[in-house]
Amino acid sequence: MTVSHPPYFQMTKEALQGLNEKNGSSSYAIGKFMKDNYKPILPTNFRKILGVHIKNLIGKGKLIKIKGSYKLSKASKKKKAWTSKKSASAAASTKKAAKSVKKTKNAAGVKAKQTKSIKSFVAKRAKKEA
């Protein structure tokens, strides 16, 4: 399934920059901006999808929630615009190279952090074996 619109983060970023409100913009205002600009290519249930994507973007730290409004975080303001698949694959190869550099640093004696779910799983397994 191919989508003809840019990623939701890109559309949200454009909406927040276009609305340029001091205290951030509501999800309704973001949805209205997107509807005005991308109506022919958006799915009919895009508002529900937008809500899910906004929650995910808050979790990733790309958006900041202030009461009922949303703002871009400082890190996401510096990101580049939506690019084609070729440049995206080039970016993916750079990410892989960066990960390999991180792995070599970890091999040098720095202990890597485990996520909470892995820690609890390992703890349960250790209790079970004991």
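Predicted model: local features only at pLDDT ≥ 70, side-chain atom pairs only at ≥ 80, totals over all residues.
Visitor: Thanks. At what angle do α1 and α2 pack?
Guide: Helix α1, residues 8-19, meets helix α2, residues 27-38, at about 105 degrees, and their axes lie 9 Å apart. Angles of 65 to 115 degrees count as roughly perpendicular, so α1 is roughly perpendicular to α2.
Visitor: And which residues of α2 make the contact?
Guide: On the α2 side they are A29, I30, F33, M34 and Y38. Helix α1 contributes several residues, including Y8, M11 and L19. The residues of this contact comprise 10 nonpolar, two polar and one charged.
Visitor: Switching to strands: how many are there in the chain?
Guide: The protein chain has three strands, together with six helices. Their order along the sequence is α-β-α-α-β-β-α-α-α.
Visitor: How do β2 and β3 run, parallel or antiparallel?
Guide: Strands β2 (residues 63-66) and β3 run antiparallel and are joined by four bridges. In this pairing, I64 is opposite K71 of β3. The two strands form a hairpin with two residues between them, and K67 in the turn has a positive phi of about 55 degrees.
Visitor: What about β1, which sense does its pairing with β3 have?
Guide: Strand β1, residues 25-26, pairs with β3, residues 69-72, in the antiparallel sense over two bridges. S25 has Y70 of β3 as its bridge partner.
Visitor: Last one: how much of the chain is buried?
Guide: Of its 130 residues, 22% count as buried.

How values were computed. Residues numbered from 1 in each chain as written. Heavy atoms only, no water. Buried < 20%, exposed > 50% of the residue type's maximum accessible area, 1.4 Å probe, protein only. Axes fitted to C-alpha atoms, helices over the stretch in contact; angles between N-to-C directions. Parallel < 35°, antiparallel > 145°, perpendicular 65-115°, else oblique. Contact = heavy atoms within 4.5 Å. Nonpolar A, V, L, I, M, F, W, Y, C, P; charged D, E, K, R; others polar. Pairing = 2+ DSSP bridges.
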